[in-house]
Amino acid sequence: MTRNATEDAGGGLAAAGAPPPAAEITAPATKGRGRIEWLDRSKGAGIFLVVFGHCWLGLASAGILTDTGVINTVERLIYSFHMPLFFLLSGYTFERWAARRTPSEAIKDRCLRLLWPLFLWHYIFAGARFLAGDAANTPGGLNTVFSLPLPPVDHFWFLWALFLVQLIVWPLVRLIALPRGVWIALAAVTALLVSIPGLPLGPLTVGAALHLPIFLVGIALARMSALPATGWYVVTAAAGFILLDAATLALPPVIIVRIAVAACLSIAFVVLMNALPSGRITSWLDELGRLSMPIFLAHTLFTAATRIGLSRVTDATLPHLLVGTAFGLAGPIALYHLTRRIMPPRLIGF
């Protein structure tokens with residue numbers, strides 16, 4: 001799947017036709033202000049992997065990590081599912097989100113929640129890269145500062161891909177009440193279509209095309225009465241996740257196989273997140289999930305700055321990984337809370 005996170009449903013992140021009957025959309029277990037516990041937890045674990053993964057690859061690009069075999073192994077184990085996971089989670093809540101909005105409301109909301117952060121943070125990153133000069137892994141000149149946000153670069157591909165996917169799927173969920181089996185069939189058909197050799201997918205469309213099937217699986221998943229949380233389902237999910245993720249190290253680069261594996265890994269992962277008992281770790285993951293958008297947008301600024309600063313002291317891998325990941329999470333969270341004191345966080349895409 002594509003390298004390099006993140007809103008629920010309509011982003012978390014009845015004018016154009018009747019929405020699906022309420023009885024067809026099963027309400028999941030929630031806690032506090034209507035939050036879905038396992039969804040926040042899954043987003044929290046996913047965004048942790050995003051930060052760790054980018055910290056890992058940043059150290060590899062800087063030459064601090066040098067074992068190519070280890071670098072590639074960790075990368076494939078994480079990137080086999082962590083971004084598809086966010087498309088699955090977004091699909092899970094998308095039908096409810098779409099049912100509450102007219103076409104104009106939906107487009108306005110997507111522009112504010114996905115395109116505005118993409119455009120704004122493209123230039124923030126370009127400016128930071130220019131100021132960092134040769135200390136950055138990929139230095140950027142003035143041409144980078146004045147470059148266009150599209151096609152998207154860095155991890156911002158996710159925002160553009162999610163925007164296109166939701167734009168494509170929105171009419172379906174608003175105009176037609178499709179049963180779960182049809183959504184699964186649509187996911188299978190789209191996976192086959194995007195796997196056609198020679199399909200003219202460019203940098204503007206490839207991310208959306210590869211992840212559209214998994215988004216559709218998320219919509220189908222939302223029609224289950226509840227996720228299994230005990231018994232052989234969880235044992236099977238755990239064993240299946242471990243074995244299948246390990247198998248990705250040897251899988252051929254066949255698109256439809258990668259999509260199917262990513263979907264299965266993502267489903268198994270959310271089943272495991274749903275089965276986790278409440279405690280400090282799950283509360284921490286829940287909080288990361290609620291703040292996944294600020295973390296997603298800003299984390300590489302903090303991981304890169306940490307790597308540059310820490311390199312003056314040591315090139316040891318473990319301190320770089322631990323401190324870089326910690327600052328990649330804590331920095332955006334602190335920035336979010338600081339922003340709240342000054343202005344509405346959505347003004348800067350949070």
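Analyst: Helices α2 and α14 are oblique to each other; angles under 35 degrees count as roughly parallel, over 145 as roughly antiparallel, 65 to 115 as roughly perpendicular and the rest as oblique. Helices here are DSSP runs of H or I with at least four residues, strands are runs of E with at least two, and both are numbered from the N terminus. The model is predicted, so local features need pLDDT of at least 70 and side-chain atom pairs count only at pLDDT 80 or more, while totals for chains, interfaces and linings use all residues. Residues are numbered from 1 along each chain as its sequence is written, and side-chain values use heavy atoms, with hydrogens and water left out.

User: At what angle do the axes of α2 and α14 cross?

Analyst: Roughly 135 degrees, and the axes come within 9 Å. Helix α2 covers residues 37–61, and α14 covers 317–342. Axes are lines fitted to C-alpha atoms, for helices over the stretch in contact, and angles run from 0 to 180 degrees between N-to-C directions.

User: Which residues in α2 and α14 meet?

Analyst: From α2 there are F48, V51, F52, C55, W56 and L59, and from α14 there are T317, H320, L321, G324, T325, G328 and L329. Contact means heavy atoms within 4.5 Å. The residues of this contact split into eight nonpolar, five polar and no charged. Nonpolar means Ala, Val, Leu, Ile, Met, Phe, Trp, Tyr, Cys and Pro; charged means Asp, Glu, Lys and Arg; the others, Gly among them, are polar.

User: Let's move on to α4. At what angle do α4 and α9 pack?

Analyst: About 45 degrees, with the axes 6 Å apart. That makes α4 oblique to α9. On the α4 side the contact uses P84, F87, L88, S90, G91, Y92, F94 and E95, and on the α9 side H211, I214, F215, V217, G218, I219 and L221. By class, that contact has 10 nonpolar residues, four polar and one charged.

User: I also see H82 there. Is H82 buried or exposed?

Analyst: H82 is buried, because its relative accessible area is 0%. Buried means under 20% relative accessible area, exposed over 50%, and partly exposed in between (1.4 Å probe, protein chains only). H82 lies in helix α4, residues 82–99. Leaving aside neighbours within four places in sequence, H82 is in contact with L49 and V50.

User: Nice. Switching to rings: how many aromatic pairs are there?

Analyst: The structure holds 18. Rings of Phe, Tyr and Trp (its six-membered ring) pair if their centres lie within 6.5 Å; planes under 30 degrees apart count as stacked, over 60 as edge-to-face and the rest as tilted. One of them joins F125 and F156: the centres are 5.1 Å apart and the planes stand at 85 degrees, so the pair is edge-to-face. F125 is in helix α5 (residues 103–132) and F156 in the loop between α6 (142–145) and α7, so the pair ties together parts 31 residues apart in sequence. Both F125 and F156 are buried.

User: And why does the pair of Y336 and F350 count as tilted?

Analyst: Because the planes of Y336 and F350 are at 45 degrees, with the centres 6.3 Å apart. Y336 sits in α14 and F350 in the segment after α14, 14 residues apart. Y336 and F350 are both buried. Ring pairs also link F86, F87, W157, F158 and F296 into a cluster.

User: Last topic, the loop between α6 and α7. Which residue there has a positive phi?

Analyst: D154, with phi near 55 degrees, and D154 is not a glycine. D154 counts as partly exposed because its relative accessibility is 28%. P151 lies in that loop too, and a cis peptide bond joins L150 and P151, with omega about -5 degrees.
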